[in-house]
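Please load the model in your viewer and keep the sequence panel open.

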Amino acid sequence: MGYHNVLVTVAVAADSHRLVEKAVSIVRPCDGKITLVSIIANAEIFPAPMLGDLRALMEEETLLFMEELCLQANYPNIATRIINGELGDCLAYANQKQPFDLVICGNHSDSMMNKVACSAARFINTSSIDVLIVPL
């Protein structure tokens with residue numbers, strides 16, 4: 001069974017390249033599609049006058065990074081999406097917009113694994129989609 005439509009959660013970090021490489025190696029045999037999704041946490045913790053500028057700056061930085069990931073992947077069928085919110089909710093939202101057969105996330109350490117597991121637990125527990133957590 002090959003995966004044809006893979007969602008990869010990426011952050012503006014060098015480790016994200018490894019996640020994209022893993023996705024390409026999985027979908028290339030069946031000419032599948034990859035969607036990179038980056039989640040920008042809710043920035044409502046900042047004062048209102050700063051909120052708009054901060055959100056725009058974060059989205060611009062993220063978009064540029066995702067474009068770089070796409071170029072370096074050297075794979076023709078990659079889409080990108082930036083979503084604001086919490087990880088579990090964002091994964092569910094992205095899957096509603098376009099169903100995926102695999103979600104790839106990174107794991108930086110045991111404490112990060114706990115955060116990923118807690119944040120995405122609702123999605124993982126209610127979804128029938130395979131989830132691959134890659135150690136980084």
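Begin by selecting valine 37 and arginine 81: valine 37 stands opposite arginine 81, which belongs to strand E3. This is a predicted model, in which local features need pLDDT of at least 70 and side-chain atom pairs count only at pLDDT 80 or more, while totals for chains, interfaces and linings use all residues. Residues are numbered from 1 along each chain as its sequence is written, and side-chain values use heavy atoms, with hydrogens and water left out.

**The paired strands**

Strands (E, at least two residues) and helices (H or I, at least four) are DSSP runs numbered from the N terminus; two strands pair if DSSP finds at least two bridges between them.

**The cores**

Colour E2 by accessibility. Six of its eight residues are buried, that is, under 20% relative accessible area with a 1.4 Å probe and protein chains only (exposed is over 50%, partly exposed in between).

Select Val6, Val8, Ile34, Leu36 and Ile104, which touch the most other members of the largest nonpolar core, a set of 21 residues. Such a core consists of buried Ala, Val, Leu, Ile, Met, Phe, Trp, Tyr and Cys residues joined through side-chain atoms within 4.5 Å. Strand E1 (5-10), H1, strand E2 (33-40), helix H2 (48-73) and E4 each supply at least two of its residues. Apart from this core lies another, of eleven residues, including Leu7, Val37, Cys90 and Ile129.

**Glutamine 98**

Move to glutamine 98, in the loop between helix H3 (87-97) and strand E4 (102-107). Is glutamine 98 buried or exposed? It counts as buried because its relative accessibility is 19%. Its side chain and that of asparagine 5 are joined by a polar contact of 3.2 Å; the term covers N or O atom pairs within 3.5 Å, where within protein one must be able to donate a hydrogen and the other to accept it, and residues adjacent in sequence count only if both atoms are side-chain atoms.
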